[in-house]
Amino acid sequence: MDLRKIKKLIELVVESGITELQVRSGEEEVRISRATLPVRAQSVVPVTEPATTPVEASSAQRGEVVAAPMAGTFYRAPAPGEVPFVAPGATVAVGDVLCIIESMKMMNHIEAEEAGEVVDVLAADGQPIETGAPLFRIA
C-alpha cells in the first residue's frame with residue numbers, strides 16, 4: 001500500500017475520533033490503532049472570553065472539565081434556534097446529552113460521564129474545536 005494512502009488513513013482516524021481502523025486491499029492489509037485519551041482534561045485553558053467578575057472567576061474553578069473527545073464544530077443545541085441541551089446551573093445525570101460535535105458530516109452527541117451541576121460552558125456555539133478542548137465544567 002502506498003505511503004500517501006497510509007498517511008491519509010491516519011488523518012481520517014485522527015479527525016474522526018475512532019480508535020482503530022483496519023483496511024484490506026487484495027493481499028495488503030493495514031491496521032491503524034491509537035491510544036485513547038481521557039475525556040476529561042485538567043490542564044487545558046478555556047477558549048472563552050476571560051471572566052469579567054470575581055464571581056465568574058471563582059465558579060470557573062469548581063468542578064471537572066469535560067473535554068472534546070474529537071475535533072469538529074461545537075453545537076450547544078440540537079438545531080439552530082432551539083434551546084441548548086444544558087446551560088450553567090442545569091443538573092445533569094450520567095448519559096444526558098451535553099452538546100453535539102459535528103465531525104466529518106456526522107453529528108456526535110457528547111454525553112455526561114458523571115452527574116452534577118453545569119458550572120460553566122467553556123466553548124462558543126458553532127465554533128471549531130480541537131480534540132481535548134474544554135467544553136463544560138461540571139461540579
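1. Basis of the note. This is a predicted model, in which local features need pLDDT of at least 70 and side-chain atom pairs count only at pLDDT 80 or more, while totals for chains, interfaces and linings use all residues. Residues are numbered from 1 along each chain as its sequence is written, and side-chain values use heavy atoms, with hydrogens and water left out.

2. Overall make-up. The secondary structure comes to 2 helices and 10 strands, and from the N terminus on the elements run α-β-β-α-β-β-β-β-β-β-β-β. Helices (H or I, at least four residues) and strands (E, at least two) are DSSP runs, numbered from the N terminus. Of the 139 residues in the protein, 28% are buried, where buried means under 20% relative accessible area, exposed means over 50%, and partly exposed lies in between (1.4 Å probe, protein chains only). Among contacts with a separation of 6 or more, 58% are between residues 24 or more positions apart, a contact being heavy atoms within 4.5 Å.

3. Helix α1. This helix covers residues 3-16, has 14 residues and reaches 20 Å from its first C-alpha to its last, close to the 20 Å expected at 1.5 Å a residue; the expected span is 1.5 Å times one less than the number of residues. Just after α1, Gly17 takes a positive phi of about 85°.

4. The open sheet. An open sheet of 4 strands has the order β7-β6-β4-β9, with antiparallel pairing, and its edge strands are β7 and β9 (128-129), each of which pairs on one side only. Two strands are taken to pair if DSSP finds at least two bridges between them. Strand β4 (residues 72-75) is joined to β6 by 3 bridges, and the two run antiparallel; within this pairing, Thr73 has Glu102 in β6 as its bridge partner. On the other pairing of β6, strand β6 (residues 97-103) meets strand β7 (residues 106-111) in the antiparallel sense over 6 bridges, with Ile101 bridged to Asn108 in β7.

5. The β6-β7 turn. Strands β6 and β7 form a hairpin with 2 residues between them, and the loop between these strands holds Met104 and Lys105. Met104 has a positive phi of about 55° although it is not a glycine, and Lys105, also a residue other than glycine, has a positive phi near 65°. Met104 is partly exposed, with a relative accessible area of 43%, whereas Lys105 is exposed, with a relative accessible area of 77%.

6. Strand β10 and its partners. Strand β10 (residues 134-138) is largely enclosed by the rest of the structure, because 5 of its 5 residues are buried. Strand β3 (residues 64-67) pairs with β10 in the antiparallel sense over 4 bridges, and Ala67 stands opposite Pro134 in β10. Strand β8 (residues 116-121) also pairs with β10 in the antiparallel sense, over 3 bridges, and here the bridge partner of Val121 is Phe136.

7. The nonpolar core. The largest nonpolar core has 19 residues, of which Phe74, Leu98, Ile129, Leu135 and Phe136 touch the most other members. The elements that give two or more residues to this core are β6, β8 and β10. Such a core is a set of buried Ala, Val, Leu, Ile, Met, Phe, Trp, Tyr and Cys residues joined through side-chain atoms within 4.5 Å. In soluble globular proteins, nonpolar side chains tend to be buried together.

8. The aromatic pair. A search of the whole structure finds 1 aromatic pair. The rings of Phe74 and Phe136 have their centres 5.9 Å apart and their planes at 55°, so the pair is tilted; rings of Phe, Tyr and Trp (its six-membered ring) pair if their centres lie within 6.5 Å, and planes under 30 degrees apart count as stacked, over 60 as edge-to-face and the rest as tilted. Because Phe74 lies in strand β4 and Phe136 in strand β10, the pair ties together parts that are 62 residues apart in sequence. Phe74 is buried, at a relative accessible area of 0%, and Phe136 likewise counts as buried at 0%. Leaving aside neighbours within four places in sequence, the contacts of Phe136 include Val65, Phe74, Val86, Leu98 and Val118.
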